Amino acid sequence: MSTRRLTTAQALVAFLARQYTERDGRRHRLVGAMWGIFGHGNVAGIGQALVEHREDMPFLQGRNEQAMVHAAVGYARQSNRLSAHAVTTSIGPGATNLVTGAALATVNRLPVLLLPGDTFATRPADPVLQQLEVPGAGDVSVNDALRPVSAYFDRVTRPEALVPAALAAVRVLTDPAATGAVTLALPQDVQAEAYDWPEEFFAERVWRVRRPRPDAAELEAAARAVRAAERPLIVAGGGVHHSRAEDALARFAGATGIPVASTQAGKGSLLHDHPADVGGIGHTGTAAADGLARTADLVIGVGTRYTDFTTASSTLFTRPGVRFVNLNITGFDAHKMAALPLVADAREGLDQLGAALGGHTVPAPYVQEYAALRADWDARVTAAYTPRGDGARPTQPQVLGVLDTLVTGDDILINAAGSLPGDLHKLWRTRSRDQYHVEYGYSCMGYEIPAAIGTALAAPGRPVWALVGDGTYLMNPTEIVTAVQEGVPVKLVVLQNHGYASIGGLSEAVGAERYGTAYRHRAPDGTYTGDPLPVDLAANAASLGMRVLRAHTIRDLREALGAARAATVPTCVYVETATADTVSGAPAAEAWWDVPVAETATRTAAVEAREEYDRQVAARRRHL
């Protein structure tokens, strides 16, 4: 048998460079590049291997390990999970910094390969620099923190163990039902150890991403349920996008007349001007979608996990006798809500369910009803977008309104946390299947800037916008340097409202009185008073190498956003927004969200908040 003598790290890089995915007859390179920050735990192993195989594996230099994972996740999502990035770190804090990014990837079921260095397998000295000592377990390292947030985890303690570990890792990376963060912990001595590898290990491999079709009996049961329903509603989740089932959903909705509401991950499954699109659903949803959800007699979930934001903490689907049909590639999700399961790929399932219905349509009055609801909500969006005048300071929805006038279907919007996801879910008029990129499975502050870089790398030439509030900007601005270094022309919009606005609002609603949520000077009694802190985030972005445009008015904002969109270098638009109590903001929430309130308290705000909580929670129901 022919062999090739390489170090373990060299073998891994060579192996990864020859892995491909294939779906619908199109081949994609699985690992498009490797992100890295080097330290003593990976520089002599993976670092040297990347130099050795620099023609085979592109390298991207990051500034923060968590941010590198976010960038990789953005790349994977934009690539429809058919391509991914790898991330290499040293041992110690470099490795533990991966945990948040890994959790985000696994929660959202997006593939990323994590390659943290690990302490010596041979233990020549014990402990070594950055080693965690656990007196009762000699085989534990800080990398074990990645186990619960990884879809697959292995520690490669011998060179020959890399063969099954690498194959298993790629199997999970390419699994449409079970993907997420994949971690191969690599002891630093094993990385540098040589081994005679079989040549077959480096042969090109094509991993076909399957499209499982529905079971015949499940399909017939689902079709019977749809035919019997008078007020069905489709809830489109992220699985629609992962499957590239948007056209199939449009055909299905067009043929049946069933309205389509979307989760945060599913928004854009139908474009905003499709007659069946009723907008976002749940706590951050539209009045149209949430109103239909309350009266639906059948809910057809397509690729959704039914998070509490979607179900309004199990208070949204309230019609007596409401039933569920769940089309999902995972049986775990297909059985939620005591549903009739339809375990299948979203595209295949929609096409076959449509054929099984044989031309069935919903009653015409139902179509007329939701068309009127759509029109009413669109008028509310226009009102929220419309400023008082070009010289006024914009509200947050008005910033979105100005952006709405500038973008086309080419533009991609990235967001993750704060009040922006709610405003976007309610208001944004999606123009293309992949324009709306809001990470709300993990709602991770600091995601937007690095994810925008990864997304732009997967979609070169398209305008990519990272929309961030001041809170999330302060969490993770460092990858601005990476965007400048790599020449990735991301467009950053920083909305400054001097505090954690969304949590401030939530704090007020649950009786915590906005305590500790503002960026203001602190008084001796612990309250925050006076003027905002003299923090200049625009100057900070400029100091990191970004071109910065300051916008004070609607007129300034329109000019700055237009210039940013045309820019060929990383560009930041900085705008201080008007507060909702001085200028009209986004429409209020149309559905509840369960954040438990103190059951006993002396302060009036908390007592009143608990009374409202008890009223809302009484509407919760289990679907059995």
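Predicted model: local features only at pLDDT ≥ 70, side-chain atom pairs only at ≥ 80, totals over all residues.
A cavity is a set of points inside the protein where a 1.4 Å probe fits but cannot get out.

**First stop: the cavities**

The structure holds 3 cavities of 30 Å³ or more, and the largest cavity has a volume of about 60 Å³. To display its lining, select Arg23, Asn80, Arg81, Leu82, Leu173, Thr174, Asp175, Pro176, Thr179, Val209 and His242. Colouring these residues by class will show 4 nonpolar, 4 polar and 3 charged.

**Second stop: a pocket**

His242 also belongs to the lining of the second largest pocket, where His242, Gly237, Gly238, Gly239 and Ala265 are the residues that lie nearest the centre. This pocket has a volume of about 820 Å³ and is lined by 49 residues. Which elements should be selected to follow its lining? Those that give two or more residues are helix H3 (65-78), helix H9 (238-243), helix H12 (308-311), strand E16 and strand E19 (436-438). Of these, H9 gives the most, with 5 residues. By class, the lining of the second largest pocket has 15 nonpolar, 22 polar and 12 charged residues.

Select residues 323-328, which form strand E16. Of its 6 residues, 5 are buried, so the strand is largely enclosed by the rest of the structure.

Finally, select residues 364-385, the 22 residues of helix H15. At 1.5 Å a residue, the helix should span 32 Å, and this agrees with its end C-alpha atoms, which are 32 Å apart. Which residues of H15 are buried? They are Tyr366, Tyr370, Trp377, Val381, Ala384 and Tyr385. Turn the view to look down the axis of H15: the buried residues fall within an arc of 90°, so they line one face of the helix. To see the face turned away from this buried side, select Pro365, Gln368 and Ala383, which are exposed.

Definitions and conventions. Residues numbered from 1 in each chain as written. Heavy atoms only, no water. Buried < 20%, exposed > 50% of the residue type's maximum accessible area, 1.4 Å probe, protein only. Helix = DSSP H or I, 4+ residues; strand = E, 2+ residues; numbered from the N terminus. 1 Å grid on protein atoms, 1.4 Å probe; cavity = no way out; pocket = protein on both sides within 12 Å on 5 of 7 lines; lining within 4 Å. Points joined across faces, edges and corners; volume = space filled by probe spheres on them. Nonpolar A, V, L, I, M, F, W, Y, C, P; charged D, E, K, R; others polar. Expected span 1.5 Å × (residues − 1). Arc of directions from axis to C-beta.
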